[in-house]
Amino acid sequence: MKHPNPGTNDALRRAQGVPSLSRDASRGSEANELAGLREHQQAWEAFAACAITMIPVLKKQMEAVTQQTERAAMDLMMHIRALTSPAMASRPTETSPNLSKIVMAMQFQDITQQKLEHITQAMDQWQKHLHALLKGPQDESAKQEIAALQQLEQSYTMEEERRLHAAALAPDYQEPVPIETEQTEEESDSVTLF
Amino acid sequence: MAKTALVVDDSPTMRQMVAFTLTNAGFKVVEAEHGKDAVAKVAGGPQMDIVVTDLNMPEMDGISLIKELRKMAAFKFTPILMLTTESALEKKQAGKEAGATGWIVKPFNPDVMLKIIAKVLPA
């Protein structure tokens, strides 16, 4: 770890009982240095605690992207096969449902792009926070950065992201079971007319 | 005469998917990358019969775009559909207050989108 300021070495030596290089330093400044070190250590510990919490969340979000990509590729293959099958050639009017499904599957790109952008935002936030911590003890920006990092959930736009976040933080989290209904898509939550 | 649709989304693939759906249904489509681009394209340009816009975009988001469009006489009564991954109720409420006609959560089903458009387009 990079030492945050020149006085840190002395303070560390004193804390470990090693004779100080600047023995004539006043007791007041020693106390200040130790308080600064303690504060710095606390900021690092807070960062570590946040990282331990957030890494599983980000992993879960990335796993979801992989699964979604795979699902979309499988769907696309299935519908393209159906469209190009010899049986379909004799029934040209039936291509429309397959085309609709292809258009739906193709949208995975937009959805996965947004999910990955939210992961990137969190990683950028970590980088900013690490920079702030390396600036030295008593740095106010470090405290602000860690507060921003803990607000990752606010960057989510999709219900699935919020569910995955909750699942990663709570090992006993249960995914909601979808209720089978007779609702058509235009009556479901995916469409709202004002 | 073919109806004209304005499609606004910062994702080129999404714009293509929506344009593909609407063109197949007989619409003429004008595409814009974000709200500011859309405002520039409609200023003094052709009258739009329907607008389909994303929510989160650079430069100008979907809510701000709707507010801007509703200030223009030509867009006072034009149906505007929000097409977004966002499903939070407070966002939908903000869309409604800005003047959106409807809200469709991505991924969209082309058949459902066309049914909704048929419903909101004036006869």
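In helix α7 (residues 159-169) of chain A, the buried residues include A:E161, A:L164 and A:H165. Here "buried" means that 20 or more other C-beta atoms lie within 10 Å of a residue's own (12 or fewer makes it exposed, anything in between partly exposed), with C-beta atoms placed from the backbone. Helices (H or I, at least four residues) and strands (E, at least two) are DSSP runs, numbered from the N terminus. Looking down the axis of α7(A), its buried residues fall within an arc of 105 degrees, so they line one face of the helix; the arc is that of the directions from the helix axis to the C-beta atoms. The cover over these buried residues includes α2 (27-84) and α5 (108-134) of chain A.

All of this comes from a predicted model, in which local features need pLDDT of at least 70, side-chain atom pairs count only at pLDDT 80 or more, and totals for chains, interfaces and linings use all residues. Residues are numbered from 1 along each chain as its sequence is written, while chains are lettered from A and ligands numbered from 1 in the order in which they are written.

As a whole, chain A has seven helices and one strand, and along the sequence they follow the pattern α-α-α-α-α-α-α-β. Of its 194 residues, 18% count as buried. Two residues are in contact if their C-beta atoms, placed from the backbone, lie within 7 Å. Take the contacts in chain A between residues at least 6 apart in sequence: 62% of them join residues at least 24 apart.

Chain B brings in some strand pairing, which requires that DSSP finds at least two bridges between two strands. Strands β1 (residues 4-8) and β2 (residues 28-32) of chain B run parallel, joined by five bridges, and B:L6 has B:V30 as its bridge partner in β2(B). Together with helix α1 (residues 12-24) of chain B, these two strands make a right-handed β-α-β unit. Right-handed means that, with the strands pointing away from the viewer, the path from the first strand over the helix to the second runs clockwise.

How far apart are the end C-alpha atoms of α1(B)? They are 18 Å apart, which agrees with the 18 Å that its 13 residues should span at 1.5 Å a residue (the expected span is 1.5 Å times one less than the number of residues). Its buried residues are B:M14, B:R15, B:M17, B:V18, B:T21 and B:L22. Seen down the helix axis, they fall within an arc of 165 degrees, so they line one face of α1(B). Just after this helix, B:G26 takes a positive phi of about 100 degrees.

The two chains also meet: 26 residues of chain B are in contact with 21 residues of chain A. On chain B, α1, α4 (89-98), β5 (102-105) and α5 (110-120) each supply at least two residues of the touching side.

Within chain B, β5(B) pairs in the parallel sense with strand β4 (residues 80-84) over four bridges, and B:L83 is partnered by B:I104. The chain crosses from β4(B) through α4(B) to β5(B) in a right-handed β-α-β crossover.
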